[in-house]
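Subject: Structure handover

Hello,

I am passing this structure on to you.

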Amino acid sequence: MPVSPDDDRSWLKPKWLVSAVALAAFSLIASYDLRLGLAAGALLGVAGAVWLYLALRYGSLSGAPSGRNLVVSRARQQMSNRRIAADQEDDVSPAPEPQD
């Protein structure tokens, strides 16, 4: 079953799976060769720093409202407006047709 993006179960998000795989790969490389592990760790650290910068500047950690949430709220408002208009249209008697 797909998980809603608005769901509070943050441990199911793909970024944690990617982070766990990267950490496992780092530990395997470090156990194979220490210098290669240090290089992989440095590369992993740089990638993490770039992700953190982007998340703080533009992403979910910036505190700005999500663009997706804005679109969803507008769509729900439009559905509500259409429902209200349809209900009002049903309540109003049909207008007489013009005669030529």
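This is a predicted model: local features need pLDDT of at least 70, side-chain atom pairs count only at pLDDT 80 or more; totals for chains, interfaces and linings use all residues.

Residues are numbered from 1 along each chain as its sequence is written, and side-chain values use heavy atoms, with hydrogens and water left out.

Whole chain. There are three helices and zero strands, in the order α-α-α along the sequence. Helices (H or I, at least four residues) and strands (E, at least two) are DSSP runs, numbered from the N terminus. Of the 100 residues, 2% are buried; buried means under 20% relative accessible area, exposed over 50%, and partly exposed in between (1.4 Å probe, protein chains only). The accessible surface is about 9100 Å², with 63% belonging to carbon and sulfur atoms. These areas come from the Shrake-Rupley method with a 1.4 Å probe, and for residues only the protein chains shown count as cover.

Pocket. A pocket is an open set of points on a 1 Å grid over the protein atoms alone where a 1.4 Å probe fits, with protein on both sides within 12 Å along at least five of seven lines; lining residues have an atom within 4 Å of a point. The second largest pocket has a volume of about 220 Å³, a volume being the space filled by probe spheres set on the points, which are joined across faces, edges and corners. Helix 1 (14-32) and helix 2 (34-57) each supply at least two residues of its lining, and helix 1 gives the largest share, five residues. Among the lining residues are W16, A22, L44 and W51.

Patch. V46, V50, Y53, L54 and Y58 form a nonpolar surface patch with about 530 Å² of accessible area together. For such a patch, nonpolar side chains (Val, Leu, Ile, Met, Phe, Trp, Tyr) are joined within 5 Å, and its residues have over 30% relative accessible area and no salt bridge (a side-chain nitrogen of Lys or Arg within 4 Å of a carboxyl oxygen of Asp or Glu). Y58 lies in the loop between helix 2 and helix 3 (67-91) and is exposed, at 60% relative accessible area.

Two residues. A22, in helix 1, is partly exposed at 24%. Its C-alpha atom is 7.6 Å from that of L44, 22 residues apart along the chain. A42, in helix 2, is partly exposed at 45%.

Regards

Technical notes
Patches are made of residues with over 30% relative accessible area and no salt bridge: like charges are joined within 9 Å, nonpolar side chains (Val, Leu, Ile, Met, Phe, Trp, Tyr) within 5 Å.
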